[in-house]
Amino acid sequence: MAKTLRAYDFDSAIVRRPGVSVVKGLRAGGQDDPSYAEVTAEHDAYLAALKDAGVGVQVLDPLEAFPDSIFVEDPALVFHEGAILLRPGIGSREGETAAIAPVLRERFDRVLELEGGYVDGGDVLTMSDRVMIGLSARTDREGAESLIACLAELGRKGEVVQTPENVLHFKSDCSLMDDATVLSTRRLAESGVFSSYETLIVPEGEEGAANALRINDRVFIGVGFPGTIEMLKKAGYKLVELKTSEIAKIDAGLSCMSLRWHS
Ligand code: CIR
């Protein structure tokens, strides 16, 4: 009998190396530019961790014209059943979709396109029974509805939810830990979106830890979040601690640096 794939079973991924322009990546606050060398080091460690988790990784060349293109999660969504080309909700990143489209057309038999509106992949949380789409400053209702139509074509159910105010992406505030459990900030969990899930709440002051990443038997987590790390260890998760302080300067975390799927 074929094995049922869980939402965190992955054997394939795509990443894109940072260009030197990454230092000009978007940020909502007034953070300093990150260092190119340190972003590259964080990216290298992330790539090594993916490989160590048993994932085959395709590494794309940098795209200097798009400072944020290292965050390949935002212009597309990928599943075992096929890929969906999204439309990032900020002008400077819209062209990233056309850049990644040929790569996805080579890797997937089915590549769907959003009919209308805007969706950033960072607003999309794939769970085993549904795909949550968080409305945000980047993802609008039209985009979310178009995405639900694409998901239906792939046999998946989409659900529109709300990203907390002043939070970049839905997944800035949460990540799937396993089929029954979500790691979340308090502000997001209190909105009730995870009522049918167990929630592990990151301690106050560690909101950045909520963007963790479950890959196969392990969870990638940012270093510098001791309370969250202790909580997850106690809950029995195998952790891979990765430095994210440079990419955090451009509002990024662990999910955004890869597109992941099971072939
Ligand atoms: C942006 O503002 O678009 C980038 N500086 C950060 C994108 C992070 N993406 C993600 O969490 N999915």
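This is a predicted model: local features need pLDDT of at least 70, side-chain atom pairs count only at pLDDT 80 or more; totals for chains, interfaces and linings use all residues.
A polar contact here is a pair of N or O atoms within 3.5 Å.

Figure 1. Let us start with arginine 93: one of its polar side-chain atoms sits 2.8 Å from an oxygen atom of the ligand. Aspartate 68 also takes part through its side chain, where a polar atom is 2.7 Å from a ligand nitrogen. Isoleucine 250 contributes through its backbone instead, with a polar atom there lying 2.8 Å from a nitrogen atom of the ligand. Of the 350 Å² of accessible area that the ligand has on its own, the protein covers 98%. In total, 13 residues surround the ligand, and the closest are Asp68, Glu73, Asp74, Arg93 and Ile250.

**Figure 2. Helix H2 and what covers it.** Helix H2 runs through residues 96–107. Its twelve residues should span 16 Å at 1.5 Å a residue, and the end C-alpha atoms, 17 Å apart, agree with that. Which residues of H2 are buried? They are Glu96, Thr97, Ile100, Ala101, Val103 and Leu104. An α-helix has 3.6 residues a turn, so residues three or four places apart point the same way. The cover over the buried residues of H2 includes strands S1 (12–16), S2 (56–60), S3 (76–79), S4 (82–85), S5 (111–113) and S15 (259–261).

**Figure 3. The largest nonpolar core, and a second one.** In soluble globular proteins, nonpolar side chains tend to be buried together. Here the largest nonpolar core has 40 residues, and Tyr46, Leu50, Phe170, Phe194 and Phe220 have the most contacts inside it. Two or more residues come from each of S1, helix H1 (36–52), strand S9 (174–178), strand S12 (213–215) and strand S14 (239–242). H1 gives the most, with five residues. Look out as well for a second, separate core of 16 residues, whose members include Ile84, Leu114, Leu135 and Leu154.

Figure 4. Leucine 125 belongs to strand S6 (residues 124–126). Is leucine 125 buried or exposed? Its relative accessible area is 4%, so leucine 125 is buried. Leaving out residues up to four places away in sequence, leucine 125 touches Arg130, Val131, Met132, Phe170, Lys171, Cys174, Ser175, Leu176 and Phe194. Leucine 125 and phenylalanine 170 are 45 residues apart along the chain, yet 7.7 Å separates their C-alpha atoms. Phenylalanine 194, beyond its neighbours within four places in sequence, is in contact with Leu125, Met127, Met132, Phe170, Cys174, Val182, Ser184, Leu188, Ala189 and Thr199.

Definitions and conventions: Residues are numbered from 1 along each chain as its sequence is written. Side-chain values use heavy atoms; hydrogens and water are left out. Helices (H or I, at least four residues) and strands (E, at least two) are DSSP runs, numbered from the N terminus. The expected span of a helix is 1.5 Å times one less than its number of residues. Buried means under 20% relative accessible area, exposed over 50%, partly exposed in between (1.4 Å probe, protein chains only). Contact means heavy atoms within 4.5 Å. A residue is near a molecule or strand if one of its heavy atoms lies within 4 Å of it. A polar contact is a pair of N or O atoms within 3.5 Å; within protein, one must be able to donate a hydrogen and the other to accept it, and residues adjacent in sequence count only if both atoms are side-chain atoms. Accessible areas come from the Shrake-Rupley method with a 1.4 Å probe; for residues, only the protein chains shown count as cover. A nonpolar core is a set of buried Ala, Val, Leu, Ile, Met, Phe, Trp, Tyr and Cys residues joined through side-chain atoms within 4.5 Å.
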